[in-house]
Amino acid sequence: MMKLAALQMQAVAGDVAANLARIEKAAREAATAGANLLITPELALTGYGAGEAIRKLAEPAAGEQADRLAAISDATGIGIVAGFAERDGDAVYNSALYVDGPGARTVYRKSHLYGPYERSLFVPENPKSQVINHRGTMVGLLICYDVEFPENVRRLALAGAQVVAVPTALPASDHDELIARKMIPVRAFENQIFVAYVNHCGNDALFSYAGLSVVAAPDGTLLAEAGKSGEALVIADIDTGGYDESRATNSYMADLRS
């Protein structure tokens, strides 16, 4: 059993210190609630709508921002997945960083960039199966638009992921609820895994965000959900052995031919 926390967050565009402070506060609250993994939105450290400042704020996975995140994890005793802008030489990636105390550190780079805004700032990575053993639970990583391609989630499920963590920056639109409340539960159901989809809320100078963060179970039910507006820290119990009946009845993975 793993207890997972999802922070629906209103990041301050371009203010890494303020965003790290908000994540630290959430990490302490989540740890007090018994969670051992906190997931935050896409580009949570820089803010998604920081524009060209993102390239200036981008740091390596061994940089000061990552060190600060690891220190927060160490101080609170909770693992953290946070979106950040990763610099590798001249390239900047839209990445998610997993830390668990001062030791474990894993980076996933977004493979499917969305729209001209992201393509002007980031280099896409080739699709890959990034799966972490987080204290006995296998956690796969994707970022936002990646999850809208079913192949990405299926690849993680085949690689052994029990939970897929998806930091996201879903904008407010006429189809935001379709993605968050219908597509995400389907991704969980068709792969018989958990999916945690964690969004921004509010707005910045460039974007308005849909909120609607959810944690979906293998049977397609929502274990936790946040509203369209306002920050929220939602907690979900992840019982990886508790959905055997659903997996037997909806045996997509067992029956898959490739």
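View 1. The model is predicted: local features need pLDDT of at least 70, side-chain atom pairs count only at pLDDT 80 or more, and totals for chains, interfaces and linings use all residues. Residues are numbered from 1 along each chain as its sequence is written, and side-chain values use heavy atoms, without hydrogens and water. Helices (H or I, at least four residues) and strands (E, at least two) are DSSP runs numbered from the N terminus. In α5 (residues 150–158), Asn152, Val153, Leu156 and Ala157 are buried (under 20% relative accessible area). These four lie on the same side of α5 because they cover an arc of only 135° around the axis, taken from the directions from the helix axis to the C-beta atoms. Their cover includes β6 (131–134), β8 (163–167) and α6 (176–191). Just after α5, Gly160 has a positive phi of about 105°.

**View 2. Helix α1 and its end.** The buried residues of α1 include Val16, Leu20, Ile23 and Ala27. Among the elements that cover the buried residues of α1 are β1 (2–8), α3 (64–76) and β12 (232–238). Gly34, which follows α1, has a positive phi near 95°.

**View 3. Thr40 in its loop.** Thr40 is placed in the loop between β2 and α2. Thr40 counts as buried because its relative accessibility is 0%. Beyond its neighbours within four places in sequence, Thr40 is in contact (heavy atoms within 4.5 Å) with residues including Leu7, Ile23, Pro167 and Val198. The C-alpha atoms of Thr40 and Val198 are separated by 6.1 Å, although the two residues are 158 residues apart along the chain.

Methods: Buried means under 20% relative accessible area, exposed over 50%, partly exposed in between (1.4 Å probe, protein chains only).
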